[in-house]
Amino acid sequence: MTARSDHQDVIAALQAALREFARERDWERYHTPRNLAALIASEAGELLAHFRWDQDALADRPDAVAQEIADVLIGVLRFADVAGIDLEQAVRAKLRLNASKYPPGRSSPVPEDRDNVAPSEDDDRRGRPGPFSR
């Protein structure tokens, strides 16, 4: 690509706004990769909390969900800016990698024989796979 894409322009504009926001508040010193990674994880946890117990947060609290996903994106944008990561390039590279790892028609999000497998001791009480299930 020789010219910047519209996506790069939007990403750059958002990053510039976030950079200025942090600078105006003297927060740049706190925006280390480690702190920003922790921010992303904690904001993702807050997003997930809206869906705890199978709640339909998109229907029940769409504004709260939008705010949490915005917080996650703000963290990602700021992290990438501080770390010097070109997000569009990184995402495109990851999509290419995933396309080769998971070709169409040969990849399933759940093993096809999952219904025929006895629950392991790591499966939760509802029979869903636990974090250490095989």
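Guide: Start with D81 and R19: their side chains meet in a salt bridge, at 2.8 Å from N to O. A salt bridge here is a side-chain nitrogen of Lys or Arg within 4 Å of a carboxyl oxygen of Asp or Glu. D81 lies in helix α4 and R19 in helix α1, so the pair ties together parts that are 62 residues apart in sequence. Helices are DSSP runs (H or I, at least four residues), numbered from the N terminus.

Visitor: Experiment or prediction?
Guide: This is a predicted model: local features need pLDDT of at least 70, side-chain atom pairs count only at pLDDT 80 or more, and totals for chains, interfaces and linings use all residues. Residues are numbered from 1 along each chain as its sequence is written, and side-chain values use heavy atoms, with hydrogens and water left out.

Visitor: How exposed is R19?
Guide: R19 counts as partly exposed, at 35% relative accessibility. The cut-offs: buried is under 20% relative accessible area, exposed is over 50%, partly exposed is in between (1.4 Å probe, protein chains only).

Visitor: How many salt bridges does the structure hold?
Guide: Six. One of them joins R23 and E20, with the closest N and O atoms 2.4 Å apart. R23 and E20 are three residues apart in helix α1, so about one helical turn separates them. R23 is partly exposed at 45%, and E20 is partly exposed at 32%.

Visitor: What about R29 and D26?
Guide: Their side chains also meet in a salt bridge, 3.3 Å from N to O. R29 is exposed, with a relative accessible area of 55%. D26 is partly exposed at 44%.

Visitor: Which residues do shared partners join into one network?
Guide: R19, R78 and D81.

Visitor: Switching to α1. Which of its residues are buried?
Guide: Q8, Q15, L18 and A22. They cover an arc of only 100 degrees around the axis, which puts them on the same side of α1. That arc is taken from the directions from the helix axis to the C-beta atoms.

Visitor: What do they pack against?
Guide: The buried residues of α1 pack against α4 and α5 (87-101). Contact means heavy atoms within 4.5 Å.

Visitor: And what sits on the face turned away?
Guide: The exposed residues D6, V10 and E24.

Visitor: Last one: is Q67 buried or exposed?
Guide: Exposed, at 55% relative accessibility. Q67 is found in helix α4, residues 62-83.

How values were computed:
Helix = DSSP H or I, 4+ residues; strand = E, 2+ residues; numbered from the N terminus.
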